[in-house]
Amino acid sequence: LRAMIAAINAHHQAEGASLSKRAMFLSGVSHDLGTPAARLRLRAALIEDSDLRQKMDADIDRMTGMIQSVLDYTQSEMNVEKPRKMSLFSLVDAVVADFQDAGYPVSLQEQETKTISTRTIFSDSKPASLRGSLLKTNRMIVTAQPLSLQRAIINLIDNALKYGRRAIVSLETSSEIASIHIDDFGTGMSED
């Protein structure tokens with residue numbers, strides 16, 4: 001049993017060291033690719049044809065976005081983020097606001113109006129409504145890794161914009177589960 005435990009621990013350490021080396025290599029390559037990308041952006045700014053310049057800028061933006069996502073991934077692999085309590089609504093609202101500030105068609109949909117019945121055996125009052133604005137103030141506290149969750153939401157919204165015309169983000173919560181929905185308006189996929 002001791003020999004098996006020692007072998008498993010040795011394998012675990014070797015695998016961890018291998019993953020760490022790969023993450024450092026990817027991080028280094030991604031960082032090094034940032035310099036030529038910056039030079040390309042400067043050279044593209046000198047192009048007189050505005051249509052061609054815009055197309056090149058869009059390609060450079062996509063390329064630098066990919067480089068940044070690899071850097072973010074490798075940094076998260078090397079420094080594992082500890083989960084902490086956070087406001088889910090605040091995080092999602094900030095991500096959506098960043099997309100809106102950049103001019104992208106992304107919106108945060110208010111939660112549906114909830115109805116609470118106040119009827120009891122002592123009174124027969126009509127159901128009262130909670131408006132969406134009241135529900136938005138709901139703190140929706142969750143335990144999560146904020147940077148990793150933010151990166152995942154950004155990637156999903158990016159994909160929704162890439163393959164659909166716009167993105168609508170909404171939250172659904174219960175006492176046990178919090179769900180983030182990102183709807184796009186693309187052509188969809190066949191069953192095949």
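**Figure 1. The charged end of R166 and the ring of F185.** In this predicted model, the charged end of R166 sits over the ring of F185, at 4.0 Å from the ring centre.

Figure 2. Strand β6 covers residues 167–173 and strand β7 covers residues 178–184. The two pair in the antiparallel sense, over seven bridges.

**Figure 3. The open sheet β2-β6-β7.** Three strands make up this open sheet, in the order β2-β6-β7, and their pairing is mixed. Its edge strands are β2 (106–108) and β7, each of which pairs on one side only. Neighbouring strands of the sheet are turned against each other by 20 degrees on average, direction ignored. Strands of a sheet pair through backbone hydrogen bonds, in a parallel or an antiparallel arrangement. Here β2 and β6 pair in the parallel sense over three bridges, whereas β6 and β7 pair in the antiparallel sense.

Figure 4. Helix α3, residues 88–101, lies across β2, β6 and β7. Its direction is at about 155 degrees to that of β2. Helix α5, residues 146–163, also lies across β2, β6 and β7. The angle between α5 and β7 is about 20 degrees.

**Figure 5. The aromatic pair F99 and Y104.** The count of aromatic pairs comes to one. The ring centres of F99 and Y104 are 5.9 Å apart and the ring planes stand at 70 degrees; planes over 60 degrees apart count as edge-to-face, so this pair is edge-to-face. F99 has a relative accessibility of 8% and counts as buried, because the limit for buried is under 20%. Y104, with a relative accessible area of 44%, is partly exposed.

**Figure 6. The protein chain as a setting for the close-ups.** The secondary structure comes to five helices and seven strands. Along the sequence they follow the pattern α-α-β-α-β-β-β-α-β-α-β-β. The protein chain has 192 residues, of which 19% count as buried. Its accessible surface comes to about 14400 Å², and 55% of this belongs to carbon and sulfur atoms. Among contacts between residues at least 6 apart in sequence, 57% join residues at least 24 apart.

How values were computed. Residues numbered from 1 in each chain as written. Predicted model: local features only at pLDDT ≥ 70, side-chain atom pairs only at ≥ 80, totals over all residues. Heavy atoms only, no water. Helix = DSSP H or I, 4+ residues; strand = E, 2+ residues; numbered from the N terminus. Buried < 20%, exposed > 50% of the residue type's maximum accessible area, 1.4 Å probe, protein only. Contact = heavy atoms within 4.5 Å. Areas by Shrake-Rupley, 256 points an atom, 1.4 Å probe, with all protein chains shown as cover. Phe/Tyr/Trp six-rings, centres within 6.5 Å; stacked < 30°, edge-to-face > 60°. Lys NZ or Arg CZ within 6 Å of the ring centre and 35° of its normal. Pairing = 2+ DSSP bridges. Axes fitted to C-alpha atoms, helices over the stretch in contact; angles between N-to-C directions.
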